[in-house]
Amino acid sequence: LVAALAGLFAGTGTASAELDNQMSLVDGGGRTMTIQQWDTFLDGVFPLDRNRLTREWFHSGKARYSVVGPGADDFAGTLELGYQVGFPWSLGVGINFSYTTPNILLDDVSLSPLAFDPLGSIITPNLFPGVSISSDLGNGPGIQEVATFSVDVEGPEGSVAVANAHGTVTGAAGGVLLRPFARLIAKTGDSVTTYGEPWNMN
């Protein structure tokens, strides 16, 4: 739970924020569910393993949702982030996605200026917790969908952001295309998904 909270940040946006794509749906209860992707950026880099069949990238961006209509304040559901992965040919392609961020847990720390002693209350053994997922995509060519993040949400609006989340695809012959998506799923089963433009990881 701590690692998930460290890797997922609620945000209100900045003046430079840019809306990439969005989709809306009227659910069975008459509420309008809207999901958006903001500031999506996938930075393809030279793979550290120097393998011609490996693609490596860093992902930053934000997903926002809003619910309008009767009972919007009582909305509860799940917000997902992920990719559709397209590859021309492979032999047992595996996709690995991970997100790490430094964090320190403090236990029973007084915030009083006279008693504040954070170094005496550190309980986190590893300063770099992470959220990770791996999936075997099988033999190509093909398109696979992989949900990399999933977080429970409540209320009429909210957002989740990631910064420099790390992903790799190994064993892919030819180019790899990534289409990022964000999905809002209500507890009632209604869902709406928005897809971004494909990013070429050649």
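Tutor: Two residues are in contact when heavy atoms lie within 4.5 Å. The model discussed here is predicted. Among contacts in this protein between residues at least 6 apart in sequence, 74% join residues at least 24 apart.

Student: How many helices and strands does the secondary structure of the protein contain?

Tutor: There are 1 helix and 11 strands. Read along the sequence, the pattern is α-β-β-β-β-β-β-β-β-β-β-β.

Student: What share of the residues in the protein is buried?

Tutor: A residue is called buried when its relative accessible area is under 20%. Of the 202 residues in the protein, 40% are buried. The accessible surface comes to about 11000 Å², and carbon and sulfur atoms account for 55% of that surface.

Student: What pLDDT does the protein average?

Tutor: Where pLDDT is low, the predicted coordinates should not be read in detail. In this model the average is 78, and 68% of the residues score at least 70. Residues 1-15 have a pLDDT below 50, and this stretch has 29 contacts in the model beyond near neighbours in sequence. Residues 101-107 are also below 50, with 26 contacts in the model beyond near neighbours in sequence.

Student: Let us turn to the rings. How many aromatic pairs does the count give?

Tutor: A pair of aromatic rings is described by the distance of the centres and the angle of the planes. The count here comes to 4 aromatic pairs. In one of them, the ring centres of phenylalanine 41 and tryptophan 199 are 5.8 Å apart and the planes stand at 90°, so this pair is edge-to-face.

Student: Which parts does the pair of phenylalanine 41 and tryptophan 199 tie together?

Tutor: Phenylalanine 41 belongs to strand 2 (residues 32-45) and tryptophan 199 to strand 11 (residues 199-200), so the pair ties together parts that are 158 residues apart in sequence. Phenylalanine 41 is partly exposed, at a relative accessible area of 43%. Tryptophan 199 is partly exposed as well, at 25%.

Student: What is the geometry of the aromatic pair of tyrosine 65 and phenylalanine 75, centre to centre and between the planes?

Tutor: The pair of tyrosine 65 and phenylalanine 75 is tilted, with 5.9 Å centre to centre and 40° between the planes. Tyrosine 65 lies in strand 3 (residues 54-68), while phenylalanine 75 lies in the loop between strand 3 and strand 4 (76-87), 10 residues apart. Both tyrosine 65 and phenylalanine 75 are buried.

Student: Which residue lies over the face of tryptophan 38?

Tutor: Arginine 64 does, at 4.3 Å from the ring centre.

Student: How many residues of strand 4 are buried?

Tutor: Strand 4 is mostly covered, with 11 of its 12 residues buried. In a regular strand, the side chains alternate between the two faces of the sheet. As for the pairing, strand 4 runs antiparallel to strand 7 (residues 142-154) over 12 bridges. Within that pairing, glycine 86 faces isoleucine 143 in strand 7. Strand 4 also pairs with strand 9 (residues 177-186) in the antiparallel sense, over 10 bridges. There, glycine 77 stands opposite alanine 186, and leucine 81 stands opposite alanine 182.

Student: Why is strand 9 described as largely enclosed by the rest of the structure?

Tutor: The description holds because 7 of the 10 residues of strand 9 are buried. Strand 9 pairs with strand 10 (residues 191-195) in the antiparallel sense over 5 bridges. In that pairing, alanine 182 is opposite threonine 194. The hairpin of strand 9 and strand 10 has 4 residues between the strands, and glycine 189 takes a positive phi near 105° in this hairpin. Strand 9 is also joined to strand 11 by 2 bridges, and these strands run antiparallel. Leucine 178 has tryptophan 199 as its bridge partner in strand 11.

Student: Let us end with a single residue. Where does threonine 32 lie?

Tutor: Threonine 32 is in strand 2. Its relative accessibility is 30%; buried residues fall under 20% and exposed ones over 50%, so threonine 32 counts as partly exposed. Leaving aside neighbours within four places in sequence, threonine 32 is in contact with Ser24, Leu25, Val26, Ser66, Val67 and Val68. The C-alpha atoms of threonine 32 and proline 70 are separated by 9.3 Å, and these residues are 38 residues apart along the chain.

Methods:
Residues numbered from 1 in each chain as written. Predicted model: local features only at pLDDT ≥ 70, side-chain atom pairs only at ≥ 80, totals over all residues. Heavy atoms only, no water. Buried < 20%, exposed > 50% of the residue type's maximum accessible area, 1.4 Å probe, protein only. Areas by Shrake-Rupley, 256 points an atom, 1.4 Å probe, with all protein chains shown as cover. pLDDT = per-residue confidence, 0-100. Phe/Tyr/Trp six-rings, centres within 6.5 Å; stacked < 30°, edge-to-face > 60°. Lys NZ or Arg CZ within 6 Å of the ring centre and 35° of its normal. Pairing = 2+ DSSP bridges.
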